[in-house]
Amino acid sequence: MSTEQHDADAYGQELARISHHQSEATAARFTVFQALAAAGIEHEQADDIVSKMEAGAVAGAHTWISESSPPHGSEQRFEDGWFAGVLDVASYLLRIADTTAHAQRGRAASSAMLLAHLQRPASPAPAEAPGEEPAPAPAPLYARRVLAVAEGFAWAVAAPGERHWPDGGEFLDVALRAVRPEEREGYIERLEAFVEQHRARLEELLRAYGPGSRPASHGRYALIGQPETLVILERMETNPFGLRSEWQKELEDVFLDDLEFAWGPRIRLSR
């Protein structure tokens with residue numbers, strides 16, 4: 001095995017471990033919000049409590065980094081570079097701790113909303129008369145065409161009975177509003193090309209975070225497996241700022257934040 005291959009494998013293992021810790025932290029935070037709500041703690045106070053705990057964890061990493069030393073017997077130039085790097089990392093960790101302590105708002109309310117959705121009993125499907133076609137969805141023709149294309153990629157979406165939302169029209173509408181006017185013509189072809197280009201990545205996303213996965217069992221990653229999520233992911237790569245702007249007008253950030261974390265886009269707009 002070459003040195004480059006060994007380094008790549010080692011880095012991949014590090015990323016897997018980090019992903020594991022982040023998923024565990026997400027599940028733990030969700031559980032803490034549930035416990036605080038059961039104890040009668042208001043959402044704003046719950047956000048404050050959890051944010052301070054997370055900021056303290058970052059501060060602990062800051063202390064550990066700041067107190068680290070170069071290997072004994074290192075040359076002076078190596079030591080100088082070491083301490084310069086430590087200073088940069090420590091300063092960055094301090095900024096993260098400050099942001100974490102004061103900017104993480106709305107997560108308790110989002111968790112409560114998601115929990116309420118997951119606990120809501122499913123409505124029985126209405127009986128259909130023999131031979132009758134189901135009524136068309138109350139959506140514009142353009143949106144129906146896009147959704148039909150997304151539904152066609154069966155390997156990238158969950159089975160209909162496993163999805164969190166039988167009709168995710170509001171998510172699709174928001175994502176399509178992030179499609180610029182000049183992109184509308186030919187957008188379906190763009191979406192098809194995006195899905196085919198990222199087939200392996202989408203299959204892994206569905207396996208690791210979709211319905212039935214361990215992260216999803218904690219009540220998170222609810223959008224993964226929805227056909228409209230293919231449009232959201234394409235916009236996340238192509239027009240992330242437009243998508244986030246449209247999203248924040250109508251929808252809870254937690255859904256998009258979870259999807260962004262699991263997908264790992266080129267531009268990350270959430271912490």
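A salt bridge here is a side-chain nitrogen of Lys or Arg within 4 Å of a carboxyl oxygen of Asp or Glu. This is a predicted model, in which local features need pLDDT of at least 70, side-chain atom pairs count only at pLDDT 80 or more, and totals for chains, interfaces and linings use all residues. Residues are numbered from 1 along each chain as its sequence is written, and side-chain values use heavy atoms, with hydrogens and water left out.

**View 1. Glu 250 pairs with Arg 177 in a salt bridge.** The closest N and O atoms are 2.7 Å apart. This pair links distant parts of the chain, 73 residues apart. Glu 250 sits in helix α12 (residues 240-250) and Arg 177 in helix α6 (residues 169-177). Helices (H or I, at least four residues) and strands (E, at least two) are DSSP runs, numbered from the N terminus. Glu 250 has 51% relative accessibility, so it counts as exposed. Arg 177, at 36%, is partly exposed. Buried means under 20% relative accessible area, exposed over 50%, and partly exposed in between (1.4 Å probe, protein chains only).

View 2. Arg 207 is exposed, with a relative accessible area of 57%. Glu 204 is partly exposed at 39%.

**View 3. Arg 244 meets Asp 253 in a salt bridge.** N and O are 3.9 Å apart. Arg 244 is buried, with a relative accessible area of 9%. Asp 253 is partly exposed at 28%. Elsewhere, salt bridges that share partners join Arg 180, Glu 183, Arg 190, Glu 234 and Arg 235 into one network. The count comes to 16 salt bridges.

**View 4. Helix α12 packs with helix α13 (residues 253-263).** The angle is about 150° and the axes are 9 Å apart. Axes are lines fitted to C-alpha atoms, for helices over the stretch in contact, and angles run from 0 to 180 degrees between N-to-C directions. The two helices are therefore roughly antiparallel (angles over 145 degrees).

**View 5. Residues of α12 and α13 are in contact (heavy atoms within 4.5 Å).** Leu 243, Arg 244, Trp 247 and Gln 248 of α12 meet Asp 253, Phe 255, Leu 256, Asp 257 and Glu 260 of α13. By class, this contact has 4 nonpolar, 1 polar and 4 charged residues. Ala, Val, Leu, Ile, Met, Phe, Trp, Tyr, Cys and Pro count as nonpolar, Asp, Glu, Lys and Arg as charged, and the others, Gly among them, as polar.

How values were computed
Angles under 35 degrees count as roughly parallel, over 145 as roughly antiparallel, 65 to 115 as roughly perpendicular and the rest as oblique.
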